[in-house]
Amino acid sequence: MDEKILLGSIIAGGSALFFIVLYLVNRFRKRRELRQQLKLRNASRAPLSSMRSQRSDRGNARRHIVSRGLQLDQLSGSAQDAYQQRQQRRVAQYSDLQLVMDEIFIPERDAVETEPEEEEMPDDRSTWIAENEDNLNAHANLVAQEEVGTGISVRVSQDEDRELMERLAREGGKSGVVQISLAWDDYNDLDMHVFCPSGERIYFNNRKSNCGGELDVDMNVRPKSKKPIENVVWTDEAPDGEYKIGVHFYKHHRKRRTKRTCQFRLRVVTYGQAKEYSGELTHGDPMSMITSFVLIKPDEEE
């Protein structure tokens, strides 16, 4: 008798468990169907151009591979020693070519900061590049041979990322499939040099390349902003190959006690993938290769 009661209890318990599982499965299935219906409803309301843009971005991201270059902090001791030897050659060349721009002193004003009039601050960069273009090109060619970047890979907060985007919006900077943005926080003039796969170099004296890149924001030739930014972008299509990004401390503006050492951050976006770097330069340093990457588009059949 006891065995029959036990067997009945087991059967009853198993049946109850079965119906509980069946109920949970049906509930999960209904929720999933409801979510699918909501997605379809929202998609039907989305603009067609937005849907096409999202599909295009996803397609581009799938079709492109980004290979990042080595950074200095990734090297072993012996490799770092070899890097320092190459750096000494760049320092010596920079000094021999006499590329250090004279410091510009801006007299202190009253507590309320005012901008100098245009005629008080002539654009001497055009004169400087006319006299030093060959030397700057020779130095840039030496920097372009470097395969190791000095930038330190960092994670930025949402506030920092938003602040950088606000600077770009303020200056009318474009976005694109490849976008490289340099930001710093004083009146100094840093210059970004982007070495393209085509062999061209985008910088202030060659703002557009034949391969589609453009320097569309270039700041602090005159010391006008304490929150400057520079931006190089390929809006629709970027060529395959290796990209290198150099930063040059062109001019120390002695305005509002601006220091001779400048910290900066570099944001590299490739087909929706963002990478952030930080770095530091002192006036008189040679151009520094901050980072590099290789853009590869696999064959369609792969």
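Arg 207 is partly exposed, at 35% relative accessibility; by that I mean between the cut-offs for buried, under 20% relative accessible area, and exposed, over 50%, with a 1.4 Å probe and protein chains only. Before going on: this is a predicted model, where local features need pLDDT of at least 70 and side-chain atom pairs count only at pLDDT 80 or more, while totals for chains, interfaces and linings use all residues. Residues are numbered from 1 along each chain as its sequence is written, and side-chain values use heavy atoms, with hydrogens and water left out.

Back to Arg 207. Its salt-bridge partner is Asp 218, with the closest N and O atoms 3.7 Å apart. A salt bridge here is a side-chain nitrogen of Lys or Arg within 4 Å of a carboxyl oxygen of Asp or Glu. Arg 207 sits in the loop between S8 and S9 and Asp 218 in the loop between S9 and S10, so the pair ties together parts that are 11 residues apart in sequence. Asp 218 is buried, with a relative accessible area of 17%. Which residues does the network contain? Salt bridges with shared partners join Arg 125, Asp 189, Asp 191, Arg 207 and Asp 218.

Glu 214 and Lys 174 meet through their side chains at 3.0 Å, N to O. Glu 214 is in strand S9 and Lys 174 in the loop between H5 and strand S6 (178-184), so this pair ties together parts that are 40 residues apart in sequence. Glu 214 counts as buried at 19%, whereas Lys 174 is partly exposed at 37%. Helices (H or I, at least four residues) and strands (E, at least two) are DSSP runs, numbered from the N terminus.

The other pair is Arg 167 with Glu 163, at 2.8 Å, N to O. Both lie in helix H5 (residues 158-171), 4 residues apart, about one turn of the helix. Arg 167 is buried at 2%, and Glu 163 is buried at 19%.

Next, Asn 220. Where is Asn 220 placed? Asn 220 is in the loop between strand S9 (214-217) and strand S10 (229-234). Its relative accessibility is 4%, so Asn 220 counts as buried. A polar atom of its side chain lies 3.2 Å from the backbone oxygen of Tyr 187. Leaving aside residues up to four places away in sequence, Asn 220 touches several residues, including Trp 184, Asp 189, Pro 228 and His 253; contact means heavy atoms within 4.5 Å.

Now the sheet. Five strands form an open antiparallel sheet in the order S1-S15-S11-S7-S8. Strands S1 (65-68) and S8 (201-202) are the edges, each pairing on one side only; two strands pair if DSSP finds at least two bridges between them. Helix H4 (residues 125-144) packs on this sheet, touching S7, S8, S11 and strand S15 (288-296). Strand S7 (residues 189-195) runs antiparallel to strand S11 (residues 241-251) over 7 bridges. Asp 191 stands opposite His 248 in S11.

To finish, the chain as a whole. It has 5 helices and 15 strands. Of its 302 residues, 39% count as buried. Among contacts with a separation of 6 or more, 77% come from residues 24 or more positions apart.

How values were computed
A polar contact is a pair of N or O atoms within 3.5 Å; within protein, one must be able to donate a hydrogen and the other to accept it, and residues adjacent in sequence count only if both atoms are side-chain atoms. Axes are lines fitted to C-alpha atoms, for helices over the stretch in contact, and angles run from 0 to 180 degrees between N-to-C directions.
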